[in-house]
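Hi,

Here is the structure I promised to pass on. Have a look at it first, then read my notes below.

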Amino acid sequence: MDIKYLVFDLDDTLLRRNRKISDYTLKVLNKAHELGLKIVFNTSRSKQNSAQYADIVHPDYGIYNGGCQIVDKDGNDLYTNTINKEDTKRLSKYLSSICPKISVQTKEHFYASDKDYRGQNAIHYDFKDGLEEDCFKILCLNDDLPLIQKISSENNLELQNYLNGGWNRLSVKGANKWFGLKKLIELLSADKDEFMTFGDDVGDMDMILNSGVGVAMKNSQPQLLKVAKNITLSNEDDGCAVFINKYFDLKIED
């Protein structure tokens with residue numbers, strides 16, 4: 001395969017459990033960059049919540065918010081796909097009445113109903129009157145999956161259920177990591193076979209199965225491990241870097 005792009009999920013893939021990138025991984029990524037390979041983040045995190053990693057890896061492109069936003073190496077938007085502000089207001093108001101916790105990611109801010117949540121520079125917001133802003137995603141805590149599926153279907157939204165089934169993500173229909181990667185491929189006039197992708201969760205499955213070289217981490221969800229053609233070491237053992245080092249014969253020592 002003539003691989004030109006390296007695509008990484010972040011959590012439990014490129015990042016270790018402590019949410020750090022090891023020095024060995026950074027050496028491998030820096031060498032890949034020197035060889036002309038392009039690095040892409042493809043994550044459900046927002047651009048803001050990925051900035052600490054972008055500042056040290058310097059990816060050429062970032063696909064954020066689960067395929068809803070694509071930026072270049074300078075952080076400039078190449079593509080955005082949002083729920084409009086009218087629907088955001090209506091949905092966030094309703095969900096706040098049936099869910100103990102909800103959060104909304106807009107282009108600039110992360111709003112959370114949980115006043116004790118300190119992650120992602122969250123802004124506390126009670127949503128009782130709804131939030132009237134375009135948004136990339138609405139997150140809601142509710143384990144009544146049939147109900148959330150019904151809400152998703154009625155509003156023609158994409159639904160992802162995650163974190164042991166309690167949290168749900170609603171975004172624009174069709175938005176997912178593979179959709180975002182396909183959009184980037186289109187923007188670059190590239191070919192999917194030029195991409196090497198790494199992930200650990202079911203949300204990474206389509207991009208791993210459809211790219212030139214798809215790689216699952218050893219710590220991946222069982223559904224992904226069953227279908228992945230390539231399986232590398234776990235995120236704790238720098239699986240991404242180990243695979244790249246061997247594939248491109250970089251000869252970088254740990």
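**What I found**

Let's begin with the open sheet: it has 6 strands, in the order β8-β7-β6-β9-β11-β10, and the pairing is mixed. At the edges sit β8 (123–124) and β10 (157–162), each of which pairs on one side only. Bear in mind that this is a predicted model.

In general, the strands of a sheet pair through backbone hydrogen bonds, either parallel or antiparallel. Here, β6 (residues 101–105) and β7 (residues 110–112) pair in the antiparallel sense, over 3 bridges. Helix α5 (residues 145–154) lies across β9 (137–141), β10 and β11 (167–172), and runs at about 160 degrees to β10.

Next, the cysteines. The count of disulfides is 0. Take Cys 135: the closest cysteine sulfur, in Cys 68, is 8.7 Å from its own sulfur, which is too far for a bond. Cys 135 is also buried, with a relative accessible area of 1%.

Now for the rings: there are 9 aromatic pairs. Tyr 111 and Tyr 125 make an edge-to-face pair, because their ring centres are 5.8 Å apart and their planes are at 70 degrees. Tyr 111 belongs to strand β7 and Tyr 125 to the loop between β8 and β9, so this pair ties together parts 14 residues apart in sequence. Tyr 111 is buried at 9% relative accessible area, whereas Tyr 125 is partly exposed at 27%.

Finally, look for one aromatic cluster formed by Phe 8, Phe 198, Phe 243, Tyr 247 and Phe 248.

Cheers

Technical notes. Residues are numbered from 1 along each chain as its sequence is written. This is a predicted model: local features need pLDDT of at least 70, side-chain atom pairs count only at pLDDT 80 or more; totals for chains, interfaces and linings use all residues. Side-chain values use heavy atoms; hydrogens and water are left out. Two strands pair if DSSP finds at least two bridges between them. Helices (H or I, at least four residues) and strands (E, at least two) are DSSP runs, numbered from the N terminus. Contact means heavy atoms within 4.5 Å. Axes are lines fitted to C-alpha atoms, for helices over the stretch in contact, and angles run from 0 to 180 degrees between N-to-C directions. A disulfide is a pair of cysteine sulfur atoms within 2.5 Å. Buried means under 20% relative accessible area, exposed over 50%, partly exposed in between (1.4 Å probe, protein chains only). Rings of Phe, Tyr and Trp (its six-membered ring) pair if their centres lie within 6.5 Å; planes under 30 degrees apart count as stacked, over 60 as edge-to-face and the rest as tilted.
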